[in-house]
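Here is a quick tour of one protein model, feature by feature. Have the viewer open and follow along.

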Amino acid sequence: MKVAVVGAGPAGVRAVEALLASGIRPVWIDEAMDGGGRIYQRPPPGLKRDARALYGFEAGKATALHAALDAVSPRADWRPETLVWNIRPGQKQLHTLHRGRQGVVDYDAAILCTGAMDRVVPVRGWTLPGVTTLGGAQIALKSQGCGIGQRVAFLGTGPLLWLVAYQYARAGAEVAAVLDTTPFATKLAATPGLLRGAATFAKGLYYIGWLRAHGVRIAEGVTPLAIEGQTEVGAIHWRDAGGREHRAECDAVGLGWGLKPEAQLADLAGVPFDFDALQHNWVPRRDVAGRTPVEGIYLAGDGSGIGGAEVAELGGVRAAMALLEDIGRRQDTMVLDRRLASLARFRAALESAFPFPAHLAAGLPDDALLCRCEGLTAGELRATTDGPALPAPEVNRAKAISRAGMGRCQGRVCGAAAAEILAAKLGCSVAEVGRLRGQAPVKPIPLTVAP
């Protein structure tokens, strides 16, 4: 049986491990030079920082995953630095690109472990040099041993906001401010559910407490107004929960509002999508084991819905077991299913504690840049609803008229905010507006590649 696994983060590593243990040698593909995913990204050779410095409380998990990666990659058909840029579901083929050369991988079954990316709400000035996502700021520390600036402000919401601010402060950067758009009362209301994940909750409290104890400026329930600067970041400007305006000088900003699945390959494979109101994300349809309605396609990890690293590891195992069950190999999944169900309840509490600020995206000023690839403002997108060209509240129609989401990122960055802007202007729900459909190639490739 020909099995392909796409992705070498926590889900991919554990899926491959389970397949190999059952005697199946998969083709294992990852775009990066090495495995580990973003959460446990391994530094390049020569970067002299130990696991504790790189991963903090997660050092043990990172080290264990790296050890598993090193153990299984020689036994699988391991193909790093390889982009899967298209899927032909009827032909059961993955189209790949490796160092400028294209290839095709045939499969009978494929487990897609494609991970997630930062979810962004555009802010005036967010395209200035010195502004990155929270994930980008973290990658700079892990893969290059450097920060995005010397005096850094962090803006957004969610556990990653506090983790990255803590990591930067511990690494020696001056943290100018941590600005959380979620009010404290919202987090407090979610506390009973957060106690389901006591260890994770305790870590989050520790990060916040450490930052406060070290005098870092913190504000909750903020409304971002602008990232200021002419040719580079100079300051960040916001309004607090009481309506007072503030400004903090900084030379870099990390921003992010949670994560969104990188699910374009699932889309190209023909998997239907559903709007998850709690996560405020479109997620590919699958069952608890990772099976999709498309024969031979399984999903695991954050690419199938945001769950975090532990869920990704367990989900990778569960998807591999589902595949094995489907070819007649009985599996005992009771304990694993119970653990995944428990973690899902904790994740629901996290989403309630740090909700996506749809109102900020919907209220983006007309002159603010929305789609940086196409240089499109929020007002220009709203204008698509004024004439007869947009008879229905549909984001792909607005894309055809305005070019929002037609750039290199295919709407990965601006898509969530664009949908909120359209929904607010048309007076409908964001679920009614729909999602930007995936297109091949999922990432830019050369117009001509060597056969």
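## A serine to start with

In which helix is Ser143 found? Look in helix α4, residues 134-144; helices here are DSSP runs of H or I with at least four residues, strands are runs of E with at least two, and both are numbered from the N terminus. Ser143 is buried, with a relative accessible area of 13%. The scale runs like this: buried is under 20% relative accessible area, exposed is over 50%, and partly exposed is in between, using a 1.4 Å probe and protein chains only. Leaving aside residues up to four places away in sequence, Ser143 touches Gln41, Pro44 and Leu47, where contact means heavy atoms within 4.5 Å.

Some ground rules: this is a predicted model, so local features need pLDDT of at least 70, side-chain atom pairs count only at pLDDT 80 or more, and totals for chains, interfaces and linings use all residues. Residues are numbered from 1 along each chain as its sequence is written, and side-chain values use heavy atoms, with hydrogens and water left out.

## The open sheet

Five strands make up an open sheet in the order β3-β2-β1-β7-β20, with parallel pairing; two strands pair if DSSP finds at least two bridges between them. At the edges sit β3 (77-79) and β20 (297-299), each pairing on one side only. On average, neighbouring strands of this sheet are turned by 15° against each other, direction ignored.

Helix α1 (residues 10-21) packs on this sheet and touches β1 (3-6), β2 and β7 (109-112). The direction of α1 makes about 160° with that of β1; axes are lines fitted to C-alpha atoms, for helices over the stretch in contact, and angles run from 0 to 180 degrees between N-to-C directions. Zooming in on the parallel strands β2 (residues 27-29) and β3, three bridges join them, and Val27 stands opposite Asp77 in β3.

The structure holds 10 aromatic pairs: rings of Phe, Tyr and Trp (its six-membered ring) pair if their centres lie within 6.5 Å, with planes under 30 degrees apart counting as stacked, over 60 as edge-to-face and the rest as tilted. Phe57 and Tyr207 are a tilted pair, because their ring centres are 5.9 Å apart and their planes are at 35°. That pair links distant parts of the chain, 150 residues apart: Phe57 is in the loop between α2 (51-55) and α3 (59-72), and Tyr207 is in helix α8 (residues 198-213).

Tyr207 is buried at 9% relative accessible area, whereas Phe57 is partly exposed at 35%. Tyr207 also pairs edge-to-face with Tyr206, the centres being 6.3 Å apart and the planes at 70°.

## Salt bridges

A search of the whole structure turns up 28 salt bridges, each a side-chain nitrogen of Lys or Arg within 4 Å of a carboxyl oxygen of Asp or Glu. One of them joins Asp70 and Arg42 (2.9 Å, N to O). Asp70 lies in helix α3 and Arg42 in the loop between β2 and α2, so the pair ties together parts that are 28 residues apart in sequence.

Another joins Asp337 and Arg318, with the closest N and O atoms 2.8 Å apart. Here Asp337 is in helix α11 (residues 334-353) and Arg318 in helix α10 (residues 309-326), 19 residues apart. Arg318 is buried at 5% relative accessible area, and shared partners join Asp287, Arg291, Arg318, Glu325, Asp326 and Asp337 into one salt-bridge network.
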